[in-house]
Amino acid sequence: MTEYGFDLRRRLEARDRNGLRRDLEPAERVASRTRFAPDPRGRGGAVDFDEPALVFASNNYLGLARDRRVQRAAERAIHGVGTGAGASRLVTGDTSLHRALERDLAACKRTERALVFSSGYAANVGTIAALEPDRLFSDALNHASIIDGCRLADAETVVYDHCDPDDLAAKCDSAATEAAPDEQWLIVTDSVFSMDGDVAPLEALCEIAETYGAWLMVDEAHATGLFDDGGGVVQREGLSDRVDVQMGTLSKALASQGGYVAGSEPLVEHLLNDARSFVYSTGLAPPAVGAAREALRIAREEDRADRLWETVERLREGLETAGYVVLGESHVLPVLVGDRELAVELAGRVRDHGVVAPPIRPPTVPEGESRIRVAPMATHDRDDVDACLEAFEEAGRAVGVLP
Ligand code: PMP
């Protein structure tokens with residue numbers, strides 16, 4: 001390294017010393033799959049096994065990323081429209097396929113309009129910044145894309161305690177004493193928190209937003225497609241007309257890529273004019289649009305989410321009966337371990353027993369709260385769940401986290 005410049009090697013060495021260095025692992029053989037078989041040619045990346053394995057590590061919650069109908073919809077979009085949109089939607093990248101997906105999303109989210117972005121990340125940063133709030137209230141465990149949106153918005157940001165409406169109300173109260181009368185406030189929260197598996201108290205947040213004349217924005221990245229009519233927690237709770245901005249991703253249960261914002265006509269018109277991540281970015285690729293639209297149709301018309309919830313219930317019950325502490329109240333099942341090395345060891349043993357589920361360590365979660373994130377899919381059957389439970393029981397005893 002030269003004596004000038006950013007000295008990135010030193011920064012990487014510091015990561016190494018602290019055990020925080022991450023690497024990319026080619027995982028095409030496990031990504032999005034319920035199970036995978038070893039490649040007879042012995043290829044594959046770091047996520048490689050000699051034995052077949054069950055995958056409990058994907059956000060492809062409805063198992064649609066490998067659904068033939070979704071794959072065909074992507075192919076049709078490629079042949080009918082092209083592999084890429086070719087330009088920003090505002091230039092020549094707009095297609096009737098994009099419009100159709102946005103109509104379907106708005107119907108499912110029960111809003112006037114929806115707008116798709118090139119990712120959920122882009123949807124969050126672009127939307128929060130474009131609203132230009134004077135003051136932001138953000139849950140302490142909100143996703144990084146919300147945090148970055150708050151930074152970009154250049155507004156006073158107040159972080160309230162995780163899922164704590166009392167703390168939010170107290171912070172709104174104290175801000176009200178110093179705020180100018182015409183200030184615009186935005187409260188923003190994830191609905192399902194993906195590392196803790198818990199769910200924001202949305203009704204209480206709506207009440208606080210209404211009391212203080214603030215807008216409420218809800219990130220449904222981990223919930224879209226899993227509740228009523230393919231909607232998220234906002235729909236389950238019957239809050240479609242009380243949440244001002246509903247945001248989500250197309251990349252998890254909807255098995256594709258891209259993000260969306262759903263809300264009123266003026267909100268969407270404003271975003272398509274002012275959200276820089278929309279205006280200055282190429283339109284979402286047509287195969288991603290086609291796949292998401294078909295996945296949304298399936299999520300709305302079929303009972304895949306019911307199958308997921310049955311699997312979730314059996315898994316949670318089995319893990320708790322075995323003696324594990326399972327956090328949360330959603331389809332994401334974080335199995336609490338505590339010590340970071342122990343979490344890695346347990347995940348390794350679970351993997352030896354044929355189940356892939358990743359350890360989650362600091363800085364993603366606080367020190368002493370390392371865990372294994374078990375993410376079932378609608379395509380797991382009863383035998384898969386039994387095999388997963390057996391792997392956790394045997395591995396837990398082997399590393400001493402179970403008696
Ligand atoms: N919000 C939340 C809560 C997320 O978990 C994610 C993705 N991990 C995003 C936003 C970003 O979505 P995308 O992957 O589509 O960029």
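Contact here means heavy atoms within 4.5 Å. By that criterion, Ser191 touches Asp198, Val199, Ala200, Leu202, Val218, Asp219, Glu220, Ala223 and Val233, not counting residues up to four places away in sequence. The model is predicted: local features need pLDDT of at least 70, side-chain atom pairs count only at pLDDT 80 or more, and totals for chains, interfaces and linings use all residues. Residues are numbered from 1 along each chain as its sequence is written, and side-chain values use heavy atoms, with hydrogens and water left out.

**Overall architecture**

- The protein contains 15 helices and 14 strands, where helices (H or I, at least four residues) and strands (E, at least two) are DSSP runs numbered from the N terminus.
- Its radius of gyration, taken over C-alpha atoms, is 22 Å, close to the 22 Å that the globule rule gives for 403 residues, so the protein is as compact as a globular protein of that length; the rule is 2.2 Å times the number of residues to the power 0.38.
- The C-alpha trace spans about 60 × 55 × 55 Å along the principal axes.
- Of the 403 residues, 51% are buried (under 20% relative accessible area, with a 1.4 Å probe and protein chains only; exposed is over 50% and partly exposed lies in between).
- Among contacts between residues at least 6 apart in sequence, 68% join residues at least 24 apart.

**Packing of H5 and H6**

- Helix H5 (residues 120-131) packs against helix H6 (residues 144-153) at an angle of about 30°, and their axes are 8 Å apart; axes are lines fitted to C-alpha atoms, for helices over the stretch in contact, and angles run from 0 to 180 degrees between N-to-C directions.
- That angle makes H5 roughly parallel to H6 (under 35 degrees; over 145 is roughly antiparallel, 65 to 115 roughly perpendicular and the rest oblique).
- On the H5 side the contact is made by Tyr121, Asn124, Val125, Ile128 and Ala129, and on the H6 side by Ser145, Ile146, Asp148, Gly149, Cys150, Leu152 and Ala153.

- Ser191 lies in the loop between strand S6 (185-190) and helix H8 (202-212).
- Ser191 is buried, at 0% relative accessibility.
- The C-alpha atoms of Ser191 and Glu220 are separated by 5.4 Å, although these residues are 29 residues apart along the chain.

**Surroundings of Glu102**

- Glu102 belongs to helix H4 (residues 96-109) and is buried, with a relative accessible area of 7%.
- Beyond its neighbours within four places in sequence, Glu102 is in contact with Arg89, Ala114, Leu115 and Val116.
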